[in-house]
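Open the model in your viewer and keep the selection panel at hand. The tour goes from one selection to the next.

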Amino acid sequence: MSDRTSVGQSVAALRVSPEFDAYSKVVIHLGEDDDGNDVTYQAGDDSGRTLEITNPWGTQEMADNLLQQLLRRGLLYQPYTAERALVDPSAELGDGISIADLYSGIYSQDLTFNGLLASDISAPADEEIDHEFPFVSQEQRQYKRETARLSSRISITATQIEAEVARASAAEGTLSSRITQTASQISIEVSRATAAEGTLSSRITQNANSIAAKVSASGGSSSSFGWELTSSMWRLFSGGTTVLTADRNGLTVNGTINSRMGNIGGFTIGQNAIYNNLSSFGGTQSTGVYLGTNGIQLGQGFRVTSAGAVTASNLAITGGSISIGDNFRVDSSGNVQANNMTLSGTLRVGGSTITADALRSGAQSAYNNSSYWSGGASGGYGFSNAIKETGGTYPSFFRATAMQADRMNVYRLTGVEYITFRGYTAYVTTIDGKRVLALL
Amino acid sequence: MQNTSALYKRLLTEEHYVETRLVVGESGLLVEESGLALIFGVGANTTRILVEQGGAEDGFSEAVIISMKTYRRLFAGTVPSVGNVVAGEIEITMLKPLGTIPRMAQLIPYIRLSSVDGAEKSEWIKKGVYYIDTRDTTQNVDDIEVLTIHGFDALAKTQADYPSSSISYPALDTDIVQEIANAMGVPVDERTWAIMTGGYRYGLPVGYSQAEVLSFIGAAYGGNWTMTDDGALRLVTLMEMPTESRYLTDEFGYALLIGGDRILV
């Protein structure tokens, strides 16, 4: 530690000032807070001098320890100035020195290298109160620097480097950022916590096979959103759910795609329609498709309006049924139900044909005396193989329980057992070996 | 106070004079006893022998040193305070030596005590380690070139930013002081470690200079920083000055010695 020496009377001039009072108080200035208030730690009382220091990392323990040191050593400061004192050349700053009857310390030394090696030494004591214009010392300028509640930390170990900076203020809340690096991963995180918005944080993580980013909010409305990039894919996620994935096979979206316009696979997406080549409903392009708010159209072969009016050049219904209200229905089996049907053309039923004037069977188009009915209103109706018993074996047989006609032309009438005329019955009988029809 | 020999202590109590040497840079000229460089050859074909600095013996003597003064203080201002980091200064006026003095060359003044008859001489004592800051060459009335040098000690280097560091933070104040000393290229005086026992920790001092960081640390112990005569970084507290003691002295104020020891009264 420091030593002491003496110059006795070997001094050219000596000026002495009154001894200072002992120190009784320590004040450590950390800096100023956001409101401009001093942040300090203090120890001791105001019974003596106050030792003020600046240290942004000051603590109460530091103030207490320093005060104890001052009180234990009983620090007394004796100001003086000695000119051309023959000081022991081996003396150092801080050593005690006796000059005549004075004892103080060497706090300043100007040494002249000559045969005498005389020194101008002093314990300066120019009190600030003596100045009309107080000078701001380096220490005081340091005090003005904003250091309120700002802390930084770097931790370096064999396996990890971590750097963190934190700041807290009433306006900003708590801000912090951290960079963490290991041999396999680098991560960067920034967070902010306020009473109003809860905690927001963002994080980027990088390792050899992926880069990921995530932004999270907690407290109040919790949510998170982020993305991840690997060697095979890139995905977006919300909370714990993947909402979009892009890989070599394409893009997969889990959710709703909202777009006002676009082009996908040759299809143009507009505000009111999606189309390919057929850019408007009612367009004249021979090929193309149009799907819009005003209708659907495929080339020139199919069209349906927003009102439901369908125009088709070729319509094949392969199943189900077609109904028009309750008055018409045709099903996939061809069963037609109609409450009212008017046909202006030809109706074919199996091999028969019903026209406006004939009920024809097969390919017969006119009466040909071959057991079919033909003719219009004046000719009656003909059936060639057209009327027969259901399951009967007489294809050319017309059978009826009764038949009434004003007039009947019969070319051949066979298998008749009797005929009744106006109450008279004619029977088929044999007379003289001949079959006759006798009115009996 | 530096450690000194018994001869030194004895000579100090007797009439004596002080010899001075100035070592400039890390190499010097082979000199004779008086300090003048030895010259070999004649006329234009002369040469001086360059030698690696071995100490004061290789330094420039009063024969070429016109004046030399050092200025050192613990307080930055005229008010006692703590947390100061004040660099010492040296001013030299000397006959300009031959050869080139490197930039920021080291300047080490030495002194030793010599008996009046010159028969006894103490060991050489360093009186600080400084570095050239400015130099100026002029000519005196005899057309002899005179070199004026101004220099600072290593504390002037602490105006640089706190160096990049490999230690973990928050770090012990002792580790931080060692980091700064390493950046300055100087050792730390052992008495500093005896003072710094608080175990205070500091965060990475981003944006601060080395001097500012030393200031914070020194203030925490009620001390100020200085460089020793041997060029080491040292913390001197206001509280470490020894209590007053009185030595038995002669009429001139020299302490009387018995067996090389001063007598306390």
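How many salt bridges are there between chain A and chain B? The count is three, a salt bridge being a side-chain nitrogen of Lys or Arg within 4 Å of a carboxyl oxygen of Asp or Glu. This is a predicted model, in which local features need pLDDT of at least 70 and side-chain atom pairs count only at pLDDT 80 or more, while totals for chains, interfaces and linings use all residues. Residues are numbered from 1 along each chain as its sequence is written, chains are lettered from A and ligands numbered from 1 in the order in which they are written, and side-chain values use heavy atoms, with hydrogens and water left out.

Select B:R191 and A:E92. Their side chains form a salt bridge, at 2.9 Å from N to O.

Next, show both chains. Chain A has 68 residues in contact with 71 residues of chain B (contact: heavy atoms within 4.5 Å).

Now select β9(A) and β7 of chain B, residues 65-73. These strands (DSSP runs of E, at least two residues) run antiparallel and are joined by five bridges; strands pair if DSSP finds at least two bridges between them. Within this pairing, A:T112 lies opposite B:K69.

Move to β25 of chain A, residues 295-298.

A:Y290 is its bridge partner, and A:R303 in β26(A) stands opposite A:Q297. Between β25(A) and β26(A) is a hairpin with three residues; A:G299 in the turn has a positive phi of about 50°.

How values were computed:
Buried means under 20% relative accessible area, exposed over 50%, partly exposed in between (1.4 Å probe, protein chains only). Helices (H or I, at least four residues) and strands (E, at least two) are DSSP runs, numbered from the N terminus.
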